[in-house]
Amino acid sequence: MPKITDARVLLGKQNRNNDIRKYFEKRWGDGLRYEVIEEEIILKWGVSPSTINQIMKGYESCEKEDHAPIKSKQQPTLFD
């Protein structure tokens, strides 16, 4: 898969991922099952189940390592 070099695209994907995380957390807090939330996210954002899983796993690792999301227009490196 090619690297994304346009900072606008990176920021857009990050915003989408943040929206998906917030939506997932809200619906999970409401007591819905994972499969139901996954179906809603697929219909709303048009992402695959594996993408949802990657987004949520990435969020968990960021919480553990206390990383801030990318806010600058600079291309992230391997160690960001």
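Glu35 is partly exposed, with a relative accessible area of 47%. Here, buried means under 20% relative accessible area, exposed over 50%, and partly exposed in between, with a 1.4 Å probe and protein chains only. The model is predicted: local features need pLDDT of at least 70, side-chain atom pairs count only at pLDDT 80 or more, and totals for chains, interfaces and linings use all residues. Residues are numbered from 1 along each chain as its sequence is written, and side-chain values use heavy atoms, with hydrogens and water left out.

Glu35 pairs with Arg33 in a salt bridge, with 3.7 Å between the closest N and O atoms. A salt bridge is a side-chain nitrogen of Lys or Arg within 4 Å of a carboxyl oxygen of Asp or Glu. Arg33 is exposed, at 54% relative accessible area. Shared partners link salt bridges of Lys26, Arg27, Asp30 and Glu40 into one network. The structure holds 5 salt bridges. Side chains of opposite charge can pair when their charged atoms come close.

One of these bridges joins the side chains of Lys26 and Asp30, at 3.5 Å from N to O. Lys26 is exposed, with 52% relative accessible area. Asp30 is partly exposed, at 46%. Lys26 lies in helix H1. Helices (H or I, at least four residues) and strands (E, at least two) are DSSP runs, numbered from the N terminus. Between Lys26 and Ile37 the C-alpha to C-alpha distance is 9.8 Å, and the two are 11 residues apart in sequence.

Another salt bridge connects the side chains of Arg8 and Asp6, at 2.7 Å from N to O. Arg8 is exposed, at 65% relative accessible area. Asp6 is partly exposed, at 27%.

Helix H1 spans residues 7-29 and helix H2 residues 34-45. Their axes come within 10 Å and cross at roughly 145°. Axes are lines fitted to C-alpha atoms, for helices over the stretch in contact, and angles run from 0 to 180 degrees between N-to-C directions. H1 passes H2 in a right-handed crossing. On the H1 side, the contact (heavy atoms within 4.5 Å) is made by Arg16, Asp19, Ile20, Tyr23, Phe24, Arg27 and Trp28. H2 contributes Tyr34, Ile37, Glu40, Ile41, Lys44 and Trp45. By class, the contact of H1 with H2 has 8 nonpolar, no polar and 5 charged residues. Ala, Val, Leu, Ile, Met, Phe, Trp, Tyr, Cys and Pro count as nonpolar, Asp, Glu, Lys and Arg as charged, and the others, Gly among them, as polar.

Key. A crossing is left-handed if the near helix is turned anticlockwise from the far one by less than a right angle, and right-handed if clockwise.
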